[in-house]
Amino acid sequence: MTPNDTETAARPLPDGAPDPAQDAAGAPEPQAADAVAALEAEKRDLKDKLLRTLADMENLRRRTEREVADARTYAVTNFARDMLNVADNVRRALDSVPAESRAAAEGSLKALVDGIELTERDLIKTLERHGVRPVEPQGQRFDPNLHQAMFEVPNPEVASGTVVQVVQTGYVIGERVLRPALVGVAKGGPKDAAKEARAASDRPAEA
């Protein structure tokens, strides 16, 4: 080492001037900072994908449960609809016997009528066990979701729109209509007081 080299190495730095050695040791490497930022971005992306996947799986689970429940409830729909024809025929057989004859029936005729009635009750109970229930519209307000109007019956003593005659029993399965009830609806009677009250409440008040 020459005297000039020693003088250069020992020469003090001006006030405020950065030390090249410290800068080299303390400054973060640009590549390392970029790598950290990339990893953070990848982590956020993976977390977002994970949350979306979990949400999709939960929706799929709920949808599958709903479809399985519907399949269990409505699997017998076609069979039940066919069985309604049997129920109708049994009812027609009973209706074909006049009430007086049924009341006075004895012996084999009484046994036959009782057997048909028992068959009808068992058939209705069997359908109910499978979620099929009859619709009882007699005296109820006509509901186009459950009933099908076949004709109108002039009756001033009954509120218009009331079911006064059932031509064919309707049935529902679960929450769905299996077969609408065929009904006759009253016409010309007093208006439905409840319906009028609702209509009056919906009308804007006069200033």
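User: Leaving aside neighbours within four places in sequence, which residues is tyrosine 171 in contact with?

Analyst: In this predicted model, contact means heavy atoms within 4.5 Å. Neighbours within four places in sequence are left aside. The partners of tyrosine 171 are then Leu84, Ala87, Ile124, Val132, Arg133, Pro134, Val135, Val177, Leu178 and Arg179.

User: Which element gives the largest share of the largest nonpolar core?

Analyst: The largest nonpolar core has 10 residues, Tyr171 among them, along with Tyr74, Ala80, Leu84, Ala87, Leu123, Leu127, Val132, Ile173 and Leu178. Two or more residues each come from H4, helix H6 (107–129) and E4. The largest share, three residues, is that of H4.

User: What is the strand order of the open sheet of three strands?

Analyst: Strands of a sheet pair through backbone hydrogen bonds, either parallel or antiparallel. In this sheet the pairing is antiparallel, and the order is E1-E4-E5.

User: Which strands of this sheet are the edge strands?

Analyst: An edge strand here pairs on one side only. Neighbouring strands of the sheet are turned by 35° against each other on average, direction ignored. The edge strands are E1 (132–135) and E5 (176–179).

User: Which residue in E5 is the bridge partner of isoleucine 173?

Analyst: Strand E4 covers residues 170–173 and is joined to E5 by three bridges, the two running antiparallel. Isoleucine 173 also belongs to the largest nonpolar core. Its bridge partner in E5 is arginine 176.

User: At about what angle does H4 run to E5?

Analyst: Helix H4 spans residues 77–95. H4 lies across E1, E4 and E5. Its angle to E5 is about 45°.

User: Is aspartate 88 buried or exposed?

Analyst: Aspartate 88 is found in helix H4. Buried means under 20% relative accessible area. Because the relative accessibility of aspartate 88 is 11%, this residue counts as buried.

User: With which side chain does the side chain of aspartate 88 make a polar contact?

Analyst: Apart from neighbours within four places in sequence, aspartate 88 is in contact with Gln168 and Arg179. A polar contact needs a pair of N or O atoms within 3.5 Å. At 2.6 Å, the side chain making a polar contact with that of aspartate 88 belongs to arginine 179.

User: How many helices and strands are there in the chain?

Analyst: From the N terminus on, the elements run α-α-α-α-α-α-β-β-β-β-β-β-α. The chain has 207 residues, of which 16% count as buried. There are seven helices and six strands.

Terms used:
Residues numbered from 1 in each chain as written. Predicted model: local features only at pLDDT ≥ 70, side-chain atom pairs only at ≥ 80, totals over all residues. Heavy atoms only, no water. Helix = DSSP H or I, 4+ residues; strand = E, 2+ residues; numbered from the N terminus. Buried < 20%, exposed > 50% of the residue type's maximum accessible area, 1.4 Å probe, protein only. Polar contact = N/O pair within 3.5 Å; in protein donor to acceptor, adjacent residues only side chain to side chain. Pairing = 2+ DSSP bridges. Axes fitted to C-alpha atoms, helices over the stretch in contact; angles between N-to-C directions. Core = buried A, V, L, I, M, F, W, Y, C linked by side-chain atoms within 4.5 Å.
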